[in-house]
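The sequence and structure come first.

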Amino acid sequence: MTQPPTYAQEKAVALEAVTAAAHLCQQVRQEQVEAAGKPQALEKEDRSPVTVADFGSQALICRALAAAFPQDPIVGEEDAADLRSSDRAPQLEQVTRYVQTFAPEASPSAVLDWIDRGNGAVGDRYWTLDPIDGTKGFLRGDQYAVALALVVGGKVQLGVLACPALSFGGNSPGLVFVAVRGQGAQMLPWSATGLGSPQRIQVVTGVDAPEFRMVESVESGHGDQGRQGRIAQAAGIHQPSIRMDSQAKYGAVAAGQAALYLRLPSPKTPDYREKIWDHGAGVMVIEEAGGRVTDIHGRELDFSLGSKLINNQGIVASNGTLHDRVIAALQEG
Ligand code: AMP
Ligand code: MG
């Protein structure tokens, strides 16, 4: 019998790259967002915000992946075109300065090239990267994540999720989640000084528990908070929801802090299709912690079709035991 791949090198490279990028993001947040007291964001063509940290994080991670796995395409959220125009030269200068802290050889043109590595196409084996997931949370001083996943044959095989502002139970902030298919999910305390020891994590068990919670986005336009609340009730969850930016929500379910993550299509954007980099890493972490992830119709997420999950609508991520009940409630209305 052939053994499944262990992805040991992929895991080590991904962990090192993602934590370096998380460190860069925290530096930017401390120096620019917190110290300046106001968000320093640029606007992309679709009017969503992007910061020097998004670009710096993508540059660092693509550099590391390109060195270790030169054949692998990377499908990243950011595009260097948004940084190439001459009026963006000051921002490129800043990105380069931050990246040099971790890669002293970085020049503006090398930084643009590394970011461009993230323009790869979905293939049989590829990486998908959100250099800062939850940019709005990053700018608000709330949750955000650096999210990297390896997809093989349309299914996620490895996920690394760094959540620099996340903590459970009063510990100091900073958690990293790592999972490889078939190997379980781990959570590691993380700070700018390094990683702590890994701890195996598990979703909450049981079907009815008074302490069960649902987690959803802070941004009302990224979901349907009214319906999310009603579906959670129908599934037996009566605690108020937890609102959290980014894939940190997947970490909360995987670590047993919430039993359910709902992301139902927003009535304002009913045709929105989820992006692969917004879910890949989180899906792996929840599945390996014993939970289940599908779309709102109960369909498995298909990562083989391009940068969007075009065959899926919305997200239901649960501890597993609640899943069928949630899908049934969604079918009822
Ligand atoms: P969250 O912090 O969970 O709200 O997720 C942030 C992500 O929401 C961003 O990375 C966007 O890709 C994604 N997003 C943007 N617009 C929408 C929308 N209309 N519906 C669902 N997700 C969206
Ligand atoms: Mg995102």
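**Helix α4**

In the predicted model, the buried residues of α4 are Q91, L92, V95, T96, Y98 and V99; buried means under 20% relative accessible area with a 1.4 Å probe and protein chains only. These residues lie on the same side of α4, because they cover an arc of only 165° around the axis, the arc being that of the directions from the helix axis to the C-beta atoms. An α-helix has 3.6 residues a turn, so residues three or four places apart point the same way.

Helix α4 runs over residues 89-100, twelve residues that should span 16 Å at 1.5 Å a residue, and the end C-alpha atoms are 16 Å apart, which agrees. The expected span is 1.5 Å times one less than the number of residues. Helices (H or I, at least four residues) and strands (E, at least two) are DSSP runs, numbered from the N terminus.

**Basis of the values**

Residues are numbered from 1 along each chain as its sequence is written, and chains are lettered from A and ligands numbered from 1 in the order in which they are written. Local features need pLDDT of at least 70 and side-chain atom pairs count only at pLDDT 80 or more, while totals for chains, interfaces and linings use all residues; side-chain values use heavy atoms, with hydrogens and water left out.

**Magnesium site and strand β4**

D130 (OD), D133 (OD) and D278 (OD) coordinate the magnesium ion (ligand 2) at 2.0 to 2.4 Å. Along the chain these donors follow the spacing D-x2-D-x144-D. D130 lies in strand β4 (residues 125-133) and D278 in the loop between β13 and α9 (280-288), so the pair ties together parts that are 148 residues apart in sequence. Donors are N, O and S atoms within 2.8 Å of the metal (3.2 Å for Na, K and Ca); water is not among the atoms, so sites may look incomplete.

D130 counts as buried at 1% relative accessibility, and D278 is buried with a relative accessible area of 14%. Strand β4 also holds I132, which is buried at 1% relative accessibility.

The largest pocket holds about 1000 Å³ of space. Its lining has 42 residues, of which S48, E77, Y272, K275 and D278 lie nearest the centre. Elements giving two or more residues to this lining are β3 (74-76), α3 (81-84), β4, α6 (135-140), α8 (248-254) and β13, with the largest share, three residues, coming from β4. By class the lining has nine nonpolar, 14 polar and 19 charged residues. Ala, Val, Leu, Ile, Met, Phe, Trp, Tyr, Cys and Pro count as nonpolar, Asp, Glu, Lys and Arg as charged, and the others, Gly among them, as polar.

A pocket is an open set of points on a 1 Å grid over the protein atoms alone, with protein on both sides within 12 Å along at least five of seven lines; a cavity is a set where a 1.4 Å probe fits but cannot get out, and lining residues have an atom within 4 Å of a point. The second largest pocket holds about 170 Å³ and is lined by V13, E16, A17, A20, L60, R63, A64 and F102. Helix α1 (8-36) gives the largest share of this lining, four residues.

**Cavity**

One cavity of 30 Å³ or more is counted. Strand β13 (residues 260-263) gives the largest share of the lining of the largest cavity, three residues.

Conventions:
Buried means under 20% relative accessible area, exposed over 50%, partly exposed in between (1.4 Å probe, protein chains only). Grid points are joined across faces, edges and corners, and a volume is the space filled by probe spheres set on the points.
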